[in-house]
Structures are given as structure tokens and as C-alpha cells.
Amino acid sequence: MQMLHSYRLLVTWQALRKKNYLPLMLAVQTLFTLGIVLGYPLLFPTLDRAAIYLIATGAPAISMLSVGLVALPQTIGEQKTEGSLAYMRSLPVPRLAYLAADLTVWLAIVIPGVVLGVLVGAVRFGLDFQVSPLVVPAVLLVALTSACIGYAIASLLPYMLTVIITQAIVVFVFMFSPLTFLPSKLPAWFEVIHSILPIQAMGEVTRGTIAPNEFGLPLGAFVTLAVWCVLGFGVTYAAMSRRG
Amino acid sequence: MLLQIEELTKEYRTGTRANDGISLAIGEGEVFGLLGHNGAGKTTLVNQVVGLLRPTSGSIRIDGRDMVADPGLARRLCSFQAQAQVPIDGLTPRQAIDLLGQLRGGARADVQRRRERLIEALDLGEWLDVDAARLSGGVKRLVAFAMAAVVPGRVVMLDEPTNDVDPVRRRLLWRQVRTLADHGAAVLLVTHNVIEAERSVDRLAILDEGRVIAEGTPAELKGRLGAALRLELVLDPDAVELPASPFGLSAVPVGNRLMIGVPMDAAGQAVAWAESLKHTGSIEEFTLGPATLEDVYVALVGGSDAGPAHVEEVIDANAA
């Protein structure tokens, strides 16, 4: 009971804190997804249908990663530096309720933009998505996993290091991760790395549920993501509960 | 005693010993001041009580219960106004206070009633429904205080509650701090504003480099000074040497001032001596007044914290 009561109040608190920026964040998030979907074909006008499918279904994963692994850890890092995270940790609420509430609000910020971006992409290129109902847990899992990993990074590292690492992650996600291209285009050793990291799995899960007719449902990727999600959440929970 | 701290030591991984064998006891209904320079270890102490930091050794008990072993219980029994601003941008004071009251387990109607009383008592009505992002630092601090006071814990810890608050509302705030104690809370007040502390606390401890170097009521601590009066000399900027005190008591330089303890029966002698210094041009002016807690504080920990910022606090406090 206390858990739910605290969760409800903390969601209200966190949503009100972000409400001034919410419309802007939604707009940026939508434009971000659209930017990838509409921008890549401008860059490479000769893209074939398969490549456009890859881009349109990989963009949502990139968008969610950019929030979870970049915007979120930087915000948490700032909160650590200014002392507001310590204040929230001093409140008489279960740690789990606080984390769940914060993650809920982050998810609420990221998901509408993703959905809108995919819809516009589908209309623009006349893509025939036969969306699976599993898209709901898939998107939730991708958003939650990237947020949990981002939270863990910010919880463990000093702010400046968090900023530097998240910048590096942006480059890695955009340029060297099989989200808008297939893993087979990577060198074999790099393919092995990506089979362990969660990024490729995020792409597979989103595209596999948005367009299962094109890519098939990747059950293994769901498992990989679930493991990373639990790991990220566990590390974050431990860091939030730890007394310095 | 409600809050009992014994031999509390906190050593950070860097090797810094921020608290070094601190023992304090604060009773129900008591306002206890914790004074000290920046870096004296005040905030480290408070953060251990509220369960954000784990002590290296020593014990913290509230009502006899071990807070080090159960930090969750510590968070329920303590309400806390942190030194940093509260994260309430986007919320109105009404929303922030109500949310915190309910998070602390208050029923919604009770919390709203308490909030109305606090808003009125602190004269915050005009900002009740204004987004905190548009509030001044002082008003935000008052809202943070109201958040700590709306459903107070057995122990209420206030870390620099009057920072940035205007002189009139500081008085209102101090009245509410006293009300919290009157209702049975033990109030631990962290400040480096000695003048305000003198007026507001029942007892206090002075912390220096992580240790308690003095503890008692303001009157007891002033008694230790051995001087009922304080002669303050404003030195001539060109004066090469500090005037030597003829009274054999404390003489502490604070910026361009020299604070000298003077026994009551030497008041006339002190004025005559200061007049002669003024005549020779060693000083620009002087004042003779009753010794204050500030004199005790400065005598104990030196005047390095009492530069221009401190002078502003003196002016603020006097205006109040």
C-alpha cells in the first residue's frame, strides 16, 4: 500500500517538475525520430526498399536510446551535483517507488514521439507495417532498459565522466551499431560484441514487432534485453540505496 | 533524550575525517543549534542522521532506536530541510507542500489544514499558486521549510533555513521553528549565522574540523569568555600594528576589525583607551557593547569565516 501511495505521489511530483519542458521534449523527440526516418533517405537517395524498412524501424530504438542513455543520465548527473537527488533520497519513501515513478515519467516522455515518428515514416514511404501486439511490451522494454542502463551509469559515475561517456555512447549508437543496417555488415569480432550488448537487441525487438512480416519476432533479443534491464535496474537500485 | 549521538565518526574514502567523535543529545521540545565554519562537518553530521551517509563508527539513536541499522526508519522519524534548494521547479508551493505532507504519511485534509496555517504564518499567501521556477531563492527556502514542517518528524533538521530569506520573514520562520519544538519535536538547526542562533536556540554546539569544541546554552558559552563586554575597534587601513589589548582577555582580528573582551568593571578604562587610539589615528572608530555569542564563536574558531559575507549577516540580523 505504502509503495503504491508513494509511487502515485512521486509520479505527480516528477511529472509536474518536467511539465514546463514536456511539450518541448515531446517535440524534440518526435523530430529526432523523424529526422532519422526522413533524413537518411535524403543522404542516400538510392536506398532500396529493404534499407528504408530498416531505417524506419530502427529509428525508434535510436530515439529511445538517445533519451535513456544520454538525456536521462545527464539529468540524473545534474541532480546529483545540485543535491536534489540526495533530497529525494532523504524522503520517507521506498527506493523502489521513487525509481519506478521516475522511470514512468521518462517513459511517458519518450514513447509518444517514437510512435508519432514511426507513423509519419510509414505514411511518407508508404510502408506496410503489420504491427504485432507485442510492440507494446517491446517498446516498453526498450525504453525501460535504456533508461535503467542510463540511470546506472549516472548513479555510479561522477557527473563529468557521465557527460563524456554519454557523448561517446551517442557516436557509438549512431555510427557503429546495427540499428539502421544489418549486423552482417560489421566485422565478425564487432558482431560478437553487439550480440552481447543490448543495442542490437533493441533494434531487433522494435523492428521485429513493428514489421514482423519483414523481420520476424526475435525472441532471443527479448531475453537479452530483459537481462540488461534487470542488470541496469539492480545496479541503480543498489546505488540509490547505498549510503556513502 | 530524543536524539542521541555518541562518538560519531565519519571518514570519507579520501581520508578526510569530517566528523571526529561527536557526541550530542537533543531532547523533545528543544531547539539545538549546530554552528561552525564551512567544512566544519555540520552537513555530514545531518546526512548521517537522515541515513544518506553511513557513519564510520559511533551510534545515532532516536527514541532509543538504532538509526544506523535502520536508515528507512531514520527517514520516517526525521523531517529534513536540506542546504540545497528543493527540486520543486514546475510545482507551486501548494502542490509541493501537500505532496510532501502526504509522502510523510499525512492524511490529505490534515495536510491541507497544516499547509494553510504555515502559509499564513510565513506570509507566503501571494506565492501559493505560483510556479516555484519563478520564486526568489528566499521564498523557495521558506517553502522548503514548510515542506519539512507540514508533517514534522520526531526530529526536524534544518540546514541553513534562513539563507536568502528577508529579515521580516526570518522572524516569522524562527517563530515557526519554536512552534515545532513546542509541539514536541527535537529541532536540530544547522547554521553559521551566529547572531540568529543566539536568539533562537536553547542549546548549541560549535563544531570545528569535525569536533565539538564547545557546547551549552548561549549564556553558558558567553560566560566562558570571561568578559561581559566587547570592544570593537575598526582599524585604520594604514595602521601597521594591531593595538595590544590591556585587558589580558581575548583579542581577535576579524577583517579590518579587532574584537576585544572587556570585563564589566573596566568599561570606563576601555573607552578611554579606545579614545586614545582614535586620537593617535590607529583606529577609525570603536563601539563598546555586551559580549555576544559571536564573540565566543570568533574566540573559539577564529575569524576566517567572518569576512564580508559575515558582515552582511550581522546587518541582516540587526535589521530583523
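Me: Is B:Asp98 buried or exposed, and what is its relative accessible area?
Reply: This is a predicted model, and B:Asp98 sits in helix α3 of chain B, residues 93-103. Buried means under 20% relative accessible area. B:Asp98 therefore counts as buried, with a relative accessible area of 10%.

Me: Which residues does B:Asp98 touch, not counting residues up to four places away in sequence?
Reply: Contact here means heavy atoms within 4.5 Å. Leaving out residues up to four places away in sequence, the residues that B:Asp98 touches are B:Val111, B:Gln112 and B:Arg115.

Me: Which strands are the edge strands of the open sheet of six strands in chain B?
Reply: The strand order in this sheet of chain B is β6-β7-β8-β3-β9-β10, and the pairing is mixed. From one strand to the next, the twist averages 15°. An edge strand here pairs on one side only, and in chain B these are β6 (78-81) and β10 (211-216).

Me: In β8(B), what is the bridge partner of B:Val156?
Reply: Strand β7 of chain B covers residues 155-159, and strand β8 of chain B covers residues 186-191. The two strands run parallel and are joined by five bridges. In β8(B), the partner of B:Val156 is B:Val187.

Me: In β5(B), what is the bridge partner of B:Arg61?
Reply: Chain B also has an open sheet of four strands, ordered β2-β1-β4-β5, with antiparallel pairing. Its edge strands are β2 (17-26) and β5 (65-66) of chain B. Strand β4 (residues 57-62) of chain B pairs with β5(B) over two bridges. In β5(B), the partner of B:Arg61 is B:Asp66.

Me: How far apart are the C-alpha centres of domain 1 and domain 2 of chain B?
Reply: The domain assignment of chain B gives residues 3-216 to domain 1 and 226-319 to domain 2. Taking the C-alpha centres of these two domains of chain B, the distance is 33 Å.

Me: What is the radius of gyration of chain A, and why does chain A count as compact?
Reply: Chain A has 11 helices and zero strands. For 244 residues the globule rule gives 18 Å, and chain A comes close to that value, so it is as compact as a globular protein of that length. The radius of gyration of chain A is 18 Å.

Me: What percentage of the 244 residues of chain A count as buried?
Reply: The C-alpha trace of chain A spans about 55 × 40 × 30 Å along its principal axes. Its accessible surface comes to about 10600 Å², and carbon and sulfur atoms hold 76% of that. Of the 244 residues of chain A, the part that counts as buried is 53%.

Me: How far apart in space are A:Thr12 and A:Met64, C-alpha to C-alpha?
Reply: A:Thr12 lies in helix α1 (residues 2-18) of chain A. A:Thr12 is partly exposed, with a relative accessible area of 34%. In sequence, A:Thr12 and A:Met64 are 52 residues apart; in space, C-alpha to C-alpha, they are apart by 23 Å.

Methods. Residues numbered from 1 in each chain as written. Chains lettered and ligands numbered in written order. Predicted model: local features only at pLDDT ≥ 70, side-chain atom pairs only at ≥ 80, totals over all residues. Heavy atoms only, no water. Buried < 20%, exposed > 50% of the residue type's maximum accessible area, 1.4 Å probe, protein only. Pairing = 2+ DSSP bridges. Axes fitted to C-alpha atoms, helices over the stretch in contact; angles between N-to-C directions. Domains from an automatic or database assignment. Rg over C-alpha atoms; globule rule 2.2 N^0.38 Å. Areas by Shrake-Rupley, 256 points an atom, 1.4 Å probe, with all protein chains shown as cover.
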